[in-house]
Amino acid sequence: MAVTSYTAWLADGSPAHAAFPTRALALNLHAYGYNIGRTDVIGLGDERHLLADPPMDHTPYSATPWPGAQPYPYVLAFDIMTPVPAGMPSLTVLGAKLFADKQAGRAELAWLKYMNWTDSAGRTWHDSWKPTWYRTSSTDTGHIHLSGRTDHVYSTVAATYDPIAELSGATMPDVNDLYAWQRIEAITYLQDAFSGAGGFADLPTKGSKVPFTTALDEIRAGVRTLIDRPPAAFTTEQVTAMAGQVAVALVAAEDNPLTDAELAAVAAKVKQVLAAALSG
Ligand SMILES: [Zn+2]
């Protein structure tokens, strides 16, 4: 069943995960104190988004996926909102940086499909790369909206992208940080995939089992139950009763050379055969 509406999504249990690159960039900005909204499923919209017709990239059932089909139940967009943390670049400066880096062909932004942002002159733009850049004016003011491509949902290219550090003149993270990020992404993916509810922040931590371990334990318990289940067994009384019924039916059958006098012998033989078959 293709989930294309809020109603169908609710019926499916409301699953949602943040795409890798939007989550990586959002969490990086969040570490500097930026407001990225909810941190459990980054970018999952409120009811206004969820009920929108057509549903767009703040939902896991977007009607505007590109260039491929919507990778349900991934959410491909997120917003960078006010308030901006003290001493940090404004949304105008950050938006300009993101736009410039995308225009420069930075691999860390290969996942970016379009962005809505407001420049230093107060003009709000819809900058889209589908597949090459075009610009229209936008009414989506007050925040930076970023939407990702469907073919980069699992991409880790954004993991080392730190626009705030670059704006402040700091250096890029070293290669060890890159591997650390990739490990975090892989673990997060596994946890999301097995959590059912979706979302890193919802997961139990610190001494309690993560959903992945819980799921493995449940599978192990299920297998143990199957192994321990005794085979179907009949008591001697049940076998005797079945044999008696078969013997009566045989003797009662038309054109049957057997008579009632032979009933006991027939029942005994049937019981012998049944018992041998059931113990096999
Ligand atoms: Zn948005």
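Predicted model: local features only at pLDDT ≥ 70, side-chain atom pairs only at ≥ 80, totals over all residues.

Why do I say that the span of helix 2 agrees with what twelve residues should give? At 1.5 Å a residue the twelve should span 16 Å, and the end C-alpha atoms of helix 2 are 16 Å apart, so the two agree. (Expected span is 1.5 Å times one less than the number of residues; helices are DSSP runs of H or I, at least four residues, and strands are runs of E, at least two, numbered from the N terminus.)

Residues are numbered from 1 along each chain as its sequence is written.

Next I checked cover on helix 2: nine of its twelve residues are buried (20 or more other C-beta atoms within 10 Å of the residue's own, C-beta atoms being placed from the backbone). Among them are Phe-20, Arg-23 and Leu-29. Just past this helix, Gly-33 has a positive phi of about 100°.

I found five strands in an open sheet, order 3-7-4-5-6, with antiparallel pairing (strands pair if DSSP finds at least two bridges between them). Strand 3 (77-80) and strand 6 (133-137) are the edges, each pairing on one side only.

I also looked at strand 4 (residues 112-118) and strand 7 (residues 144-148): four bridges join them. Tyr-114 has Ser-147 of strand 7 as its bridge partner.
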